[in-house]
Amino acid sequence: TRSIGLIRLAINLGFSIGPVVGGLLIAKVNYSSIFWIDGGSCIMASALLFFLLKPKKRQKKEKDVRVKTGQPPYRNGLYMLFILILVINSLAFIQYFSTVPLYYKMDRLLSEDVIGWLLFLNGMMIVLLEMPLIGWLERLGLTKTGATLIGIAFLALSFVVLNLHDSFWILILGMVLMTLGEMIGSPFSNALALSLAPEGRKGSYMGIYSMSFSISHIAGHNGGMNLIDRFGFDLTWYAFFAALCLTALLCWWLLVRLRKSPNFNSY
């Protein structure tokens with residue numbers, strides 16, 4: 001779980017800087033400037049990858065034959081329930097990077113640079129707190145499924161608080177709650193997916209795990225925009241809160257089912 005957290009830390013270190021730089025460039029320069037800088041950063045990243053890691057030709061080795069055990073992912077009912085939980089959770093989570101910034105601008109009338117700082121809060125909390133938080137939760141003996149459930153609960157609260165008050169501090173509270181849900185839920189759910197995968201089938205199981213986020217991206221942004229267009233921001237946030245409450249119940253049911261497993265401590 002901590003190894004996955006470290007990879008996420010690297011991603012979020014860049015993610016925390018990106019929205020701030022983008023917001024400042026839009027506010028102080030223009031939109032086209034962000035594309036020049038984004039393209040330049042990608043070229044720089046690929047150059048560092050090539051020159052620092054010094055990729056070499058792969059040496060031919062004898063074919064690695066591994067014995068596959070257990071069921072394929074599509075036939076594993078508990079794993080597919082877990083994937084359903086992830087899809088619904090991700091549908092709500094990605095709103096913080098599409099419809100929620102739109103809400104900040106259109107309903108709360110925030111400028112692009114302020115929106116960038118709000119997103120910066122998410123990234124910096126992850127960079128500074130995620131690794132110590134994961135270590136602490138592991139020492140407490142929290143199961144991966146239990147941590148996933150807690151992450152869903154925090155994300156649900158982050159949506160409902162947006163309707164409680166019009167103050168700017170509510171937006172900060174919502175971002176903090178969402179980030180806590182992400183820091184707790186994401187690393188442990190990733191580790192849970194690996195734990196549920198039988199020997200020799202981890203590739204196919206993790207492929208389905210990755211697909212769950214792709215499905216959310218395909219449907220989530222468009223679905224969120226359409227909900228806002230038809231029902232407005234407030235009802236949309238209540239809808240996501242209700243969906244996440246249902247998801248939390250499904251996760252609790254998964255936890256109950258996994259308790260019957262002899263390897264429950266690893267789940």
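Buried means under 20% relative accessible area, exposed over 50%, and partly exposed in between, with a 1.4 Å probe and protein chains only. The views below come from a predicted model, where local features need pLDDT of at least 70, side-chain atom pairs count only at pLDDT 80 or more, and totals for chains, interfaces and linings use all residues. Residues are numbered from 1 along each chain as its sequence is written, and side-chain values use heavy atoms, leaving out hydrogens and water.

**View 1. V127 in helix α5.** Helices here are DSSP runs of H or I with at least four residues, numbered from the N terminus. V127 counts as buried because its relative accessible area is 14%. Contact means heavy atoms within 4.5 Å; leaving out residues up to four places away in sequence, V127 touches L9, N12 and L13. Look for R8 too: its C-alpha atom is 8.4 Å from that of V127, although the two residues are 119 apart along the chain.

**View 2. The largest nonpolar core, with 45 residues.** Such a core is a set of buried Ala, Val, Leu, Ile, Met, Phe, Trp, Tyr and Cys residues joined through side-chain atoms within 4.5 Å. Those touching the most other members include Y79, F82 and W237. Helices α3, α4, α5, α6, α7 and α8 each supply at least two residues, and α8 gives the most, with 13.

**View 3. Y96 and its contacts.** Beyond its neighbours within four places in sequence, Y96 meets P101, L119, G174 and M178, among others.

**View 4. S189 in helix α7.** With a relative accessible area of 4%, S189 is buried. Its contacts, not counting residues up to four places away in sequence, are F82, L86, T148 and Y209.
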